[in-house]
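Me: I am new to this structure and would like to learn how to read it. Could we take it one feature at a time?

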Amino acid sequence: MRVSETTKQLYSLSVSLECFEGISHHVSINFLKERFVYTEWRNQPEQHSVSPLPVFKPGSLEQFKRKIYSMRIWEWEPTYQKENGIVLDGNFWTVTLKTQEKTYEFGGMESFPANWGKFLKALEMLVGVPFGKLV
């Protein structure tokens with residue numbers, strides 16, 4: 001059975017991707033108010049000057065919502081971790097999805113769901129700038 005907007009109405013989505021030696025990203029999307037806020041910060045001590053703000057064109061929130069439905073991210077595992085022990089650097093991510101039915105929370109460290117690259121590409125299309133590293 002295919003999940004539709006009537007059975008799983010999206011309320012909000014929050015995504016954080018923290019890169020220990022690079023650019024970190026956060027986006028908060030409110031599907032009910034049809035808006036989002038994107039934040040980017042850099043953890044690069046060798047940079048002393050402020051970079052100019054990039055010019056970007058945000059994408060369609062409605063198209064992004066359709067992609068979320070097709071990816072069915074509410075079926076992701078709660079936690080993704082590498083099997084090789086503790087990772088002290090790398091990419092740490094969290095995703096919180098609120099629907100009419102439930103709040104789903106996911107996270108990982110250097111390990112990702114199978115459709116992670118597709119998910120990041122959809123975020124890039126929405127916010128208008130690269131969002132993390134594609135795996």
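Me: Which residue caps the N-terminal end of α1?

Reply: Helices are DSSP runs of H or I with at least four residues, strands are runs of E with at least two, and both are numbered from the N terminus. Here Ser60 is the cap of α1, with a side-chain oxygen 3.3 Å from the backbone nitrogen of Glu62. After α1 comes Arg72, which has a positive phi near 55°. This is a predicted model, in which local features need pLDDT of at least 70 and side-chain atom pairs count only at pLDDT 80 or more, while totals for chains, interfaces and linings use all residues. Residues are numbered from 1 along each chain as its sequence is written, and side-chain values use heavy atoms, leaving out hydrogens and water.

Me: Where is confidence lowest, and where is it highest?

Reply: pLDDT is the predictor's confidence in each residue, from 0 to 100. The protein chain has an average of 83, and 76% of the residues score at least 70. Confidence is lowest in strand β3 (residues 35-42), with a mean of 87, and highest in helix α1 (residues 61-71), at 95.

Me: Which residues of α1 are buried?

Reply: An α-helix has 3.6 residues a turn, so residues three or four places apart point the same way. Buried means under 20% relative accessible area, exposed over 50%, and partly exposed in between (1.4 Å probe, protein chains only). In α1 the buried residues are Leu61, Phe64, Lys65, Ile68, Tyr69 and Met71. They lie on the same side of α1 because they cover an arc of only 170° around the axis, taken from the directions from the helix axis to the C-beta atoms. Their cover includes β1, β2, β3 and α2.

Me: Which residues touch the most other members of the largest nonpolar core?

Reply: In soluble globular proteins, nonpolar side chains tend to be buried together. A nonpolar core is a set of buried Ala, Val, Leu, Ile, Met, Phe, Trp, Tyr and Cys residues joined through side-chain atoms within 4.5 Å. The largest one has 33 residues, and Leu13, Phe64, Val95 and Phe119 touch the most other members. Helix α2 gives the most to this core, seven residues. Contact means heavy atoms within 4.5 Å; leaving aside residues up to four places away in sequence, Phe119 touches residues including Leu13, Ile68, Trp76 and Val95.

Me: Is Ser16 buried or exposed?

Reply: Ser16, in strand β1 (residues 10-19), counts as buried because its relative accessibility is 13%.

Methods. Polar contact = N/O pair within 3.5 Å; in protein donor to acceptor, adjacent residues only side chain to side chain.
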